[in-house]
Amino acid sequence: MNSNKGIRNLFIYGGLFFFAVMAVLTYDTMQQLPHRAPEITDEVNAGKMVWHKYDCIGCHTILGNGSYFAPDLTKTAQRKPHEYLKNFLINPKIANPKATMPRLGITEEEAGKLVAFLDWISKVDTNGWPPKPILAAPAMVSTGELSAGQKIYQSLNCSECHTLNGIGGTMGPDLTHVGSRRDRVWLKGHFKDPQKYVPDSVMPLVIASDADIEQLTDYMLTLK
Amino acid sequence: MTIKYNSQKIAQNFYTFAVLLFLLQAVVGIIAAIQFIWPDFFILNFNTIRTIHINAMVVWLLAGMMGAAYYVVPEESETELWSEPLAKIQFYLTVVATLSVLLGYVWMGLDPQANKTVFGAGLLNEGREYIEAPRWADILIVASLLLFLLNCFMTVLKTRKWTGIQGTLLGGLVMLTVLYIPGMFYTRSMVADQYWWWWVLHLWVEGAWEVVAGALIAFMLMKLVGAERGVVEKWMYAEVCLVLFTGILGTGHHYYWIGTPPYWLWIGGVFSSLEPVPLLIMVWDALRTTRENRNIENRAGMYYITGHVIFTFVGAGIWGLIHTLPAVNKWTHGTQITTAHAHLAFYGAYVLLILSIIYTTLPAIRGIKVYNDSRAFKSFWLMTISMIFIALTITGAGIVQTIMERLMGLDYIAVKSGYNMWFWIFRAIFGAGFLIGTVVFVKDYFSLGKEQ
């Protein structure tokens with residue numbers, strides 16, 4: 001009577017078969033998850049609750065999934081100082097005047113938990129994602145030999161927070177024309193004690209020899 | 001064109017609700033597009049706007065599917081709906097649940113602290129993309145779905161006339177309801193959280209929803225071109241068969257980088273690469289059927305369904321395939337490439353599906369013989385061309401982001417608010433074009449058959 005019976009049964013039983021395979025793989029995955037990430041402490045779990053409470057995923061991505069409107073937060077806790085992250089969460093514009101993230105009313109306690117959660121997720125084994133930028137090194141190389149100051153700039157990872165000619169981070173001020181804004185005394189003093197020159201600055205103390213700081217300052221002064 | 005059973009009219013309630021939410025989705029979509037250019041543009045932050053944008057979509061597509069089922073099931077069972085009052089109650093339950101959730105989102109948008117944590121989940125927003133609806137709303141939604149399924153199955157049992165189309169449609173809807181459950185429990189691990197979250201998301205849009213779509217396409221091809229049931233059902237089974245065979249394990253393409261074991265790279269890569277195959281069969285089936293049957297009364301319905309199968313293949317198939325292999329996805333995962341794919345796929349696979357079913361069944365519900373279909377064509381082209389360009393601009397932004405952020409190591413914000421700015425501006429302009437198309441459609445929906 002039903003000429004399509006064969007293919008109908010293939011649909012029903014085939015579908016159930018693939019669901020069964022999926023269920024087995026899911027069971028195995030769940031068994032493996034605890035070995036692929038650090039232990040989930042109560043603080044980490046509390047941080048995850050804070051993550052959900054403020055609908056962070058409504059703008060950010062995490063593990064690459066989310067809303068693509070703001071940076072991915074999977075590895076943030078490894079890249080930024082935790083104190084900075086806490087201050088940023090409590091009041092983004094105080095920590096970084098250029099921040100577009102709104103102040104959500106996150107308390108100090110909640111910020112601490114959230115950072116613990118972000119620290120946990122940054123240590124999850126994600127099969128190598130996100131990959132290291134393969135063009136990063138060539139893009140930074142200028143045509144000529146690097147000056148001593150440029151080498152120090154790279155070795156201290158200044159570009160993690162600062163931008164030079166469009167390349168680098170946005171956490172600190174853009175340094176493309178810093179040489180026309182600041183003089184030698186200011187720059188050197190600031191390297192040795194950032195907070196004395198810029199109150200509430202999150203810039204860490206530059207730990208380098210006096211000679212290196214001198215060369216870094218020379219380099220900064222060429223940026224006009 | 002007239003309906004055979006009076007209770008099929010209930011479909012129109014669901015259609016109207018769907019159409020209004022579609023308009024809301026397009027309006028907030030524009031706000032979100034402008035916020036990519038000026039983040040402080042609106043009183044509500046991006047997260048609230050984006051939540052409304054995607055939740056309105058999920059609900060209106062589901063409402064459209066429910067309306068379609070209320071139309072299809074009585075016709076296939078050759079009897080009135082089991083209980084019309086129950087269908088009405090279920091309709092209002094859906095409306096009340098949706099509007100309360102919406103109000104909750106707005107409230108939270110104005111005062112983030114209002115989202116208190118109760119029993120481990122947010123009172124107004126669960127903070128999980130697409131399934132942000134709080135737990136109490138989940139329960140209402142499932143209750144509504146169960147009442148709906150009860151009504152459909154009781155209708156079938158009245159005459160015990162099972163057809164392939166109706167069985168597949170209800171099978172897809174049962175699968176959809178069951179698969180909402182993995183999104184309803186809390187897990188301490190964010191990895192497990194996303195793992196189960198994809199069970200809902202992926203197995204909906206690349207599983208259950210496609211089964212529903214397969215059944216509805218078969219029904220529409222019969223209605224629109226008078227195709228023969230046996231043939232249409234055979235191809236329908238071939239499609240939904242391959243949808244499940246490729247789509248279920250294709251879930252693995254979401255498990256590459258979220259902290260799950262590496263064997264998913266293989267499973268996800270192989271099976272998700274095959275996911276476009278049933279979509280291609282769908283295109284071939286629709287075009288072949290149309291060519292063989294040339295006396296088409298309802299041109300608008302045919303137009304939309306052809307657009308639907310083609311853009312399902314382009315948006316879901318091709319735009320998905322380009323970044324589904326692990327070697328590519330490693331660089332593109334979490335970039336705007338995904339956003340481009342999502343826009344074109346949802347538009348092609350589901351927006352056009354629901355609009356096709358509306359244009360196929362609405363003339364009969366309203367008892368119209370002939371209607372002016374010029375507005376239907378106008379809205380189709382306005383929306384489709386705009387969506388193609390929305391997808392292309394976002395794809396451009398995604399390529400720039402992949403190269404500059406992922407390959408060269410530039411900062412996310414520097415790329416987004418610097419290099420990609422022109423893409424956002426063009427996207428907003430084409431978004432406005434899409435909104436105009438939507439308005440034309442909404443106007444057509446409300447005036448169809450009611451003007452001379």
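Predicted model: local features only at pLDDT ≥ 70, side-chain atom pairs only at ≥ 80, totals over all residues.
Buried here means under 20% relative accessible area. Twelve of its 15 residues are buried, so by the cut-off H6(A) is mostly covered. The buried set is A:Glu110, A:Ala111, A:Gly112, A:Leu114, A:Val115, A:Ala116, A:Phe117, A:Leu118, A:Asp119, A:Trp120, A:Ile121 and A:Ser122.

What do these residues pack against? Within chain A, the partners are H2, strand S1 (61-62), helix H3 (76-79) and helix H4 (82-90). From chain B comes helix H6 (190-225). The length of H6(A) checks out too: at 1.5 Å a residue its 15 residues should span 21 Å, and its end C-alpha atoms are 21 Å apart.

Now to the interface between the chains. Here 69 residues of chain A are in contact with 85 residues of chain B. The buried area is about 6800 Å², with 66% of it from carbon and sulfur atoms. A:Phe11, A:Tyr68 and A:Phe69 supply 12% of the area that chain A buries against chain B, more than any other three residues.

Polar links cross the interface as well. The rule finds 37 residue pairs in polar contact. Salt bridges number two. One of them joins A:Lys48 to B:Asp193, with the closest N and O atoms 2.7 Å apart.

Which elements of chain A give two or more residues to the side that touches chain B? They are helix H1 (5-32), helix H2 (42-53), strand S2 (65-66), helix H6 (108-122), helix H7 (136-140) and strand S4 (167-168). H1(A) gives the largest share, 16 residues. By class, this side of chain A has 37 nonpolar, 23 polar and nine charged residues.

Notes
Residues numbered from 1 in each chain as written. Chains lettered and ligands numbered in written order. Heavy atoms only, no water. Contact = heavy atoms within 4.5 Å. Buried area = accessible area lost by both parts, 1.4 Å probe. Salt bridge = Lys/Arg side-chain N within 4 Å of Asp/Glu carboxyl O. Polar contact = N/O pair within 3.5 Å; in protein donor to acceptor, adjacent residues only side chain to side chain. Helix = DSSP H or I, 4+ residues; strand = E, 2+ residues; numbered from the N terminus. Nonpolar A, V, L, I, M, F, W, Y, C, P; charged D, E, K, R; others polar. Expected span 1.5 Å × (residues − 1). Buried < 20%, exposed > 50% of the residue type's maximum accessible area, 1.4 Å probe, protein only.
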